Amino acid sequence: MNRIRLSQSPLSFKLLASLFLVAIGVGYVFGIIHIYNDTGFSFTGLATHYGREGSELTVPPDFAFARLIHIHHVHIFGIAMVFFLAGAIFTLTRLPEIVKSFCIVIPFVAMFLDFSSFWLF
C-alpha cells in the first residue's frame, strides 16, 4: 500500500497545509485574546461580561436553550471541520500511529467536554 507522506508531497500541498495551520493558529490566538479581553479568564470577569454580579450564579440570558442550540450547532460543525483538516494533515507525518491517533482524538474529546459544560448550569 502506498503511503502519502507530507515530506514527499508536492510543494503546493506543503504550502496549503502550512498556511492552513498558520491561519488556524492565528485565529485561535485571536480567539483566546478576545476571551481574555472580555472576561480576564475569571468567573468575576465572565459574570461582569454577561451583566451579572460576581456572586450571582444565575444563568445569563445569553445562555438560554435556543441560543445554546444555535451556538453549538454552528461552532461544533466549524471546529470539527478545523480538527478534521488539521488531523488529515497530521496523519501525513512520520510519527508512530499511536501518537497520531492520540493527538487526533484529544481535540475532539476536549471540544465535546467544553461544549457539554455549558449544559451543566
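**The aromatic pair and its setting**

The count of aromatic pairs comes to 1. The rule covers rings of Phe, Tyr and Trp (its six-membered ring) with centres within 6.5 Å; planes under 30 degrees apart are stacked, over 60 edge-to-face, and the rest tilted. Here the partners are Phe 83 and Phe 108. Their ring centres lie 5.5 Å apart and their planes stand at 75 degrees, so the pair is edge-to-face. Phe 83 belongs to helix α3 (residues 65-90), Phe 108 to helix α4 (residues 97-117). The pair therefore ties together parts that are 25 residues apart in sequence.

A word on the basis. The model is predicted: local features need pLDDT of at least 70, side-chain atom pairs count only at pLDDT 80 or more, and totals for chains, interfaces and linings use all residues. Numbering runs from 1 along each chain as its sequence is written, and side-chain values use heavy atoms, with hydrogens and water left out.

How open are the two rings' residues? Phe 83 has 25% relative accessibility and counts as partly exposed. Phe 108, at 24%, is partly exposed. The scale is this: buried is under 20% relative accessible area, exposed over 50%, partly exposed in between (1.4 Å probe, protein chains only).

Now look along helix α4. Glu 97 and Lys 100 both lie there, 3 residues apart, about one turn of the helix. Their side chains meet in a salt bridge, 2.9 Å from N to O. A salt bridge here is a side-chain nitrogen of Lys or Arg within 4 Å of a carboxyl oxygen of Asp or Glu. Lys 100 is buried, at 3% relative accessibility. Glu 97 is partly exposed, at 45%.

Glu 97 also forms a salt bridge with Arg 3, where the closest N and O atoms are 3.9 Å apart. That pair links distant parts of the chain: Arg 3 sits in the segment before α1 (11-39), 94 residues from Glu 97. Arg 3 is partly exposed, with a relative accessible area of 48%. The salt bridges number 2. They link Arg 3, Glu 97 and Lys 100 in a network.

Last, the whole protein. It has 4 helices and 0 strands, in the order α-α-α-α. Helices (H or I, at least four residues) and strands (E, at least two) are DSSP runs, numbered from the N terminus. Of its 121 residues, 14% count as buried.
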